[in-house]
Amino acid sequence: MDFFVNSQKIDITIENEKTIGDILKAFEKEFEANNATTTGISLDGKAVGADEFDAVFEKSLSDFSKLELSIITLAEIKEAIEAEAKESLELAEKIKDISVAFQSGKDKEAAVLIANLADFINSICTTIKKTAYFPDAFKSLQKENGKSIEDFFAEMTPILADLQQAIESNDTVLVGDLAEYEISPRLVSISEILKKI
């Protein structure tokens with residue numbers, strides 16, 4: 001049987017492992033020791049869903065020729081959070097200029113800033129979801145003192161809906177106001193939350 005971790009073929013020696021469950025437990029033990037965890041399992045090119053785990057665990061290794069695992073490390077998530085804390089501050093500054101861009105006829109520049117904001121929100125949502133793989137390491141994301149990451153999303157969601165409506169109705173003044181007075185300060189506060197992690 002061939003083994004792949006994040007698309008890299010690895011050589012391992014099978015000792016007493018007879019089933020898929022045995023080999024997965026051995027991998028997980030190794031991953032845990034290295035602050036990593038499995039995010040996806042594929043057997044002979046077919047992804048294994050959570051509802052199939054029990055049935056697959058019992059199957060013999062000899063039933064398959066290829067096991068692929070996707071993993072993520074704690075270091076990778078921390079790196080992403082660090083980068084997003086920095087990006088959040090940069091975006092908070094840039095987004096204040098949307099009004100000026102619209103007033104000086106630089107609609108394309110304003111549109112790029114809005115697209116960058118959408119990409120950032122999407123990226124941070126993905127990263128925050130990944131922190132669930134390491135709940136103990138990211139306790140500071142949960143509510144302690146001050147604002148939590150959940151507060152940020154709870155406040156940001158209706159503001160983004162207003163922004164979308166303002167864009168659709170071509171209300172550039174409202175777009176500028178939302179960007180400068182509502183979104184920018186919240187991007188600064190999310191940066192602070194992320195930095196504490």
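S184 sits in helix α7, which spans residues 172-196. In this predicted model, S184 is a buried residue, with a relative accessible area of 2%. Elsewhere, an open sheet of five strands has helix α1 packed on it, and L67 is found in one of its strands, β5.

**Around S184**
- A polar atom of the S184 side chain lies 2.6 Å from the backbone oxygen of A92.
- Setting aside neighbours within four places in sequence, S184 is in contact with A92, I95, K96 and A179.
- S184 counts as buried because its relative accessible area of 2% falls under the 20% cut-off.

**The sheet and its helix**
- The strand order is β2-β1-β5-β3-β4, and the pairing is mixed.
- At the edges are β2 (8-10) and β4 (46-47), each of which pairs on one side only.
- Helix α1 (residues 20-33) packs on this sheet and touches β1, β2, β3 (36-43) and β5.
- The direction of α1 makes about 155 degrees with that of β3.
- Strands β1 (residues 2-5) and β5 (residues 66-73) run parallel and are joined by four bridges.
- F4 has E68 as its bridge partner in β5.

**Around L67**
- L67 belongs to strand β5 and is buried, with a relative accessible area of 1%.
- Not counting residues up to four places away in sequence, L67 touches M1, D2, F3, F4, I23, L24, F27, I41, S42 and L43.

Terms used
Residues are numbered from 1 along each chain as its sequence is written. This is a predicted model: local features need pLDDT of at least 70, side-chain atom pairs count only at pLDDT 80 or more; totals for chains, interfaces and linings use all residues. Side-chain values use heavy atoms; hydrogens and water are left out. Two strands pair if DSSP finds at least two bridges between them. Helices (H or I, at least four residues) and strands (E, at least two) are DSSP runs, numbered from the N terminus. Contact means heavy atoms within 4.5 Å. Axes are lines fitted to C-alpha atoms, for helices over the stretch in contact, and angles run from 0 to 180 degrees between N-to-C directions. Buried means under 20% relative accessible area, exposed over 50%, partly exposed in between (1.4 Å probe, protein chains only). A polar contact is a pair of N or O atoms within 3.5 Å; within protein, one must be able to donate a hydrogen and the other to accept it, and residues adjacent in sequence count only if both atoms are side-chain atoms.
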